Amino acid sequence: MSFHPHIEYATFHRSERKLAELGDEFRYTADNQATFNELVTHYPAEQRKSAILYALFLVQKQQGYISGASMRFVAEQIRCTPAEVEDVVSYYTMFYTKPVGKYVINVCRTLSCALLGAERVTEELSAKLGITPGHTTADGMFTLMEVECLGACDRAPVLMINDDGWHERLAPDQVGQFVENLRDRGYTALTGCHLHVEKK
Amino acid sequence: MAFEPVLTNHVHEPNAFTLDFYTTHARGYEGLRKALTLQPSEIIEQVKASGLRGRGGAGFPTGLKWQFVLKDTPKPKYIACNADESEPGTFKDHVLMERNPHLLIEGCAIGCYAIGAKVAYIYIRGEFLHVQEALERAIAEAYRAGHLGKNIYGSGFDCDVYMHRGAGAYEAGEETALIESLEGKRAQPRIKPPFPAVEGLYNCPTAVNNVETLCNVPLIVVNGPEWFAAQGPEKNGGPKLFCISGHVKRPGTYEASMHTTLRDLVFGDHYAQGMKDGRAFKAIIPGGSSVPILLDKDLDTPASFDHIQKAGSLLGSAGLIVMDDTVCMVWLAMNLLHFYRHESCGKCTPCREGGDWLYKLLQRVERGEGQMKDIDLLYSVSNNIVGKTLCAFGDAAATPVLTTLNLFRDEFEAHIREGRCTMPAPWRARHAVMAAH
């Protein structure tokens, strides 16, 4: 935030982010609570904070995004302040502070994928879905995101769907069909992420 | 002596990732059994004698790193395995962990024994959930079979291996930032010294090792340090994984000795098999996006840490990104600076602000709105980042700009003179809005 009323601060900055909305009261389901309790034991007893990323992933798994109330809940679980939780949430790119679509389509945009047409893939996706990256379709089905290197450059261009589905080598002209398939068939429409080197 | 792959020789077998396969076909856990009959100091000596150098990027001798881990302290010690693999163009650990997870687990256990640790954390990037699941299955198998847990093989040695999932941060690949992230904070680097070997995770002595580095340790213990050293040029021994991506016919992870030349890796029949669509070779980034570009004249360099450094670049994480003659180098620098700008952790001003400035300047030149003085400005901003940040990220962010300016200055000048991108390729975005944001 700028300290001068007429001077805009740099247009790209994390400080643009608003505080998360509080939302409904949050607590883990019994299963998630049990998972969390188990994960905490992986760290020394006085280092509960190490489990914070896992705690937040569990929140996201349960309600799709991380609300203010869930940050307070995580703070109680970790035994730290809500500010410390927000500090972490705002840093890592995989946490969403707003609701997202059923399928978050993450297109890798970094060099190796871009060399093989990732920019075109994003363009086609954007046209097909009628949204620009960072937005969700009105029916709540798809969120389009551009992400940096996903670590599967030999399968370029690579897409990650939510945080557990992968689709590799998507040509720009296959995008329309791909979206239809994903809408109709869900994860079965994905190629997955597997070794693709032909046997010698 | 012909080179035999040992890290990835079984990765195409359908069951390669199972404990059963590992123990029957790959001499699985022989290394750990043998290690537990030796003194920890003997293992460190063996790793030192082998000349194993860290595979994460810096190429620091692993044996030395372990030797530096503080011995006389009441504090617990830790191994933190760096499986954050986020360097653009790198995907070797991905294959190792997915298809040969027990090798890594065995390496972690031997590493723990050598430095006197009882716990190893494998810090894996959040995007690799499918890889994490493969590793978790393997860890559970190893516990059931008694390769991990209390009193392993009745030796009195206890060892636990846990997964720690990251949540999307390139910076977490830096060793002190990785430790911060393991402690549940933002992944931002610490001031060194103290080095992690003295004060690392929870302020306890910690060895941070790359996945591929730890995977080599069981092989050294089983086959001996002489075997390992003989696998490559002097001081660059052992098998090495090369990740080849970009405009080649057959991108992928290839295991080779560091005698292999870059030309072999790009054009060789056993490797990437040459350029895609019959186009001409233009340039190669030999070690992940953070290292200087090499040209055709450099291709006969053996792909070893020392040889590539002599040629003016770095082997880094051995992520080879190959580019054909359709690639505009201003665009390339812009693409990479988008990455570095986005991934800067924000701790040091030169990198946080400078990365953003560089990106904006490059955008201006790429759009054809640049001026000749922007070239000097790009140099000036870059040189004010290099060496002025806590971690190597700053240097890494300035490198794509400096290397393209040094080698392809004419392309920058052409953009400025003609007021447009002079090399628009068909695989790039067609609409200006999508190309620039």
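Start by selecting Arg27(B), in the loop between helix 1 (19–25) and helix 2 (30–35) of chain B. Helices here are DSSP runs of H or I with at least four residues, strands are runs of E with at least two, and both are numbered from the N terminus. This is a predicted model, in which local features need pLDDT of at least 70 and side-chain atom pairs count only at pLDDT 80 or more, while totals for chains, interfaces and linings use all residues. Residues are numbered from 1 along each chain as its sequence is written, and chains are lettered from A and ligands numbered from 1 in the order in which they are written.

Arg27(B) is not a glycine, yet its phi is positive, near 50°. Arg27(B) counts as partly exposed because it has 14 C-beta neighbours inside 10 Å. The cut-offs are these: buried means 20 or more other C-beta atoms within 10 Å of the residue's own, exposed means 12 or fewer, and partly exposed lies in between, with C-beta atoms placed from the backbone.

Now select Asn203(B), which sits in the loop between helix 8 (175–182) and strand 4 of chain B. Asn203(B) also has a positive phi, about 60°, without being a glycine. With 12 C-beta neighbours inside 10 Å, Asn203(B) counts as exposed. Pro193(B) is found in the loop between helix 8 and strand 4 of chain B too. Look at the bond that joins Lys192(B) to Pro193(B): this peptide bond is cis, with omega about -10°.

Two strands pair if DSSP finds at least two bridges between them.

Zoom in on strand 1 (residues 78–83) of chain B, which pairs with strand 4 of chain B in the parallel sense over five bridges. Here Cys81(B) stands opposite Asn209(B) of strand 4.

**Zoom out on chain B**

The C-alpha trace spans about 75 × 45 × 35 Å along its principal axes. Of the 437 residues in chain B, 56% are buried.

**Where the chains meet**

Bring chain A into view. Across the two chains, 56 residues of chain B are in contact with 47 residues of chain A, contact meaning that C-beta atoms, placed from the backbone, lie within 7 Å. Which element of chain B gives the largest share of the side that touches chain A? Helix 13 of chain B does, with six residues.

**Across to chain A**

Chain A is assigned domain 1 (14–91) and domain 2 (103–189), with bounds from an automatic or database domain assignment. The centres of these two domains, taken over C-alpha atoms, are 28 Å apart.

Show the open sheet of chain A: four strands in the order 2-1-3-4, with mixed pairing. Strand 2 (142–147) and strand 4 (165–167) of chain A each have a single partner strand, so one side of each is left without a neighbour in the sheet. Strand 1 (residues 103–108) of chain A pairs with strand 2 of chain A in the parallel sense over six bridges. Select Cys108(A) to find its bridge partner in strand 2, Val147(A).

Finish at Pro157(A), in the loop between strand 2 and strand 3 (159–161) of chain A. The peptide bond from Ala156(A) to Pro157(A) is cis, with omega near -15°.
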